[in-house]
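Please keep the viewer open while you read, and look up each residue as it comes along.

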Amino acid sequence: MHRTHLLALLLTCAAAVLPGVSAQASTPEPTLGAALQGQQPLGTARLRYWGFDVYDARLFVAPGFDAQRYEDQRFGLELSYLRELKGADIAERSIDEMRDLAPIEPAQARRWRAAMGALFPDVQRGDRITGVHVPGSGAHFYLNGRLLGEVADAAFSRQFFGIWLSPKTSQPRLREAMLQAPGGPPRAP
């Protein structure tokens with residue numbers, strides 16, 4: 001059996017037996033353009049942490065997007081990095097933020113951290129990681145428009161994107177700015 005097919009088979013089997021991992025994965029689109037088809041930019045915001053610019057966030061949504069029901073809708077979230085960061089640090093910080101939204105079992109946190117650690121590369125200034133939330137399936141990730149891979153776990157995707165879109169986010173001003181449509185009253189993050 002070809003190595004790629006064997007890996008796909010093993011991942012499918014693991015998804016079927018691991019609690020909290022969806023076996024209902026959707027095949028990621030090979031390009032970001034295809035993944036965001038029908039989506040339009042809604043708003044942007046800059047994350048500053050301790051006086052340092054970290055990234056610019058931009059939300060891509062379909063017409064009629066309802067932020068109160070973000071987990072039920074397909075959308076894209078692009079983070080354009082303004083500084084170098086290690087992929088492992090991005091994964092760890094994501095788990096910390098997700099824990100602030102809702103409890104995560106230790107085994108589930110390990111699985112999610114490992115999945116993000118395998119996908120998220122070290123980033124340089126100007127790199128863009130875009131996550132696409134696929135309701136009921138999981139999240140697809142792209143680096144500078146090229147497919148990185150997916151986390152086929154609907155609970156992961158809901159909680160991961162909640163870092164930015166949940167009303168419980170640690171960055172409510174960033175959330176408000178991203179949800180602000182162009183032409184509306186300006187809101188500073």
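**Notes on the fold, a pocket and a cavity**

1. Serine 80 has 17% relative accessibility, so it counts as buried (buried is under 20% relative accessible area, exposed over 50% and partly exposed in between, with a 1.4 Å probe and protein chains only). Serine 80 belongs to strand S3. Leaving aside residues up to four places away in sequence, serine 80 touches Tyr55, Asp56, Asp127 and Arg128; contact here means heavy atoms within 4.5 Å.

2. A word on the source. This is a predicted model, in which local features need pLDDT of at least 70 and side-chain atom pairs count only at pLDDT 80 or more, while totals for chains, interfaces and linings use all residues. Residues are numbered from 1 along each chain as its sequence is written, and side-chain values use heavy atoms, with hydrogens and water left out.

3. Now the overall plan. The protein chain has 6 helices and 6 strands, where helices (H or I, at least four residues) and strands (E, at least two) are DSSP runs numbered from the N terminus. Along the sequence their pattern reads α-α-β-β-β-α-α-β-β-β-α-α. Of the 189 residues in the protein chain, 42% are buried. Among contacts between residues at least 6 apart in sequence, 59% join residues at least 24 apart.

4. Alanine 45 sits in strand S1 and, at 5% relative accessibility, counts as buried. Alanine 152 is in the loop between S6 and H5, and its 18% relative accessibility makes it buried. From alanine 152 to serine 137 the C-alpha separation is 5.8 Å, for 15 residues along the chain.

5. Please look at the second largest pocket, which has a volume of about 520 Å³. Of the 22 residues that line this pocket, the closest to its centre are Leu47, Val54, Tyr55, Leu85 and Arg93. Two or more lining residues come from each of strand S1 (40-49), strand S2 (52-61), strand S3 (75-81), helix H3 (87-101) and helix H5 (154-165). H3 gives the most, with 5 residues. By class, the lining has 13 nonpolar, 4 polar and 5 charged residues (Ala, Val, Leu, Ile, Met, Phe, Trp, Tyr, Cys and Pro count as nonpolar, Asp, Glu, Lys and Arg as charged, and the others, Gly among them, as polar).

6. How are empty spaces found? Rolling a probe the size of a water molecule over the atoms shows where empty space is left. On a 1 Å grid over the protein atoms alone, a cavity is a set of points where a 1.4 Å probe fits but cannot get out, and a pocket is an open set with protein on both sides within 12 Å along at least five of seven lines; lining residues have an atom within 4 Å of a point. Grid points are joined across faces, edges and corners, and a volume is the space filled by probe spheres set on the points.

7. The structure holds 1 cavity of 30 Å³ or more. The largest cavity contains about 90 Å³ of space. Its lining includes Leu77, Ile90, Phe120, Phe141, Phe160 and Trp164. S3, strand S4 (128-134) and H5 each give two or more residues to this lining, which divides into 10 nonpolar, 2 polar and no charged residues.

8. Finally, two backbone details to check. Tryptophan 50 is not a glycine, yet it has a positive phi of about 55 degrees. Tryptophan 50 is in the loop between S1 and S2 and, at 72% relative accessibility, counts as exposed. Asparagine 144 also has a positive phi, near 50 degrees. Asparagine 144 lies in the loop between strand S5 (138-143) and strand S6 (146-151), and its 27% relative accessibility makes it partly exposed.
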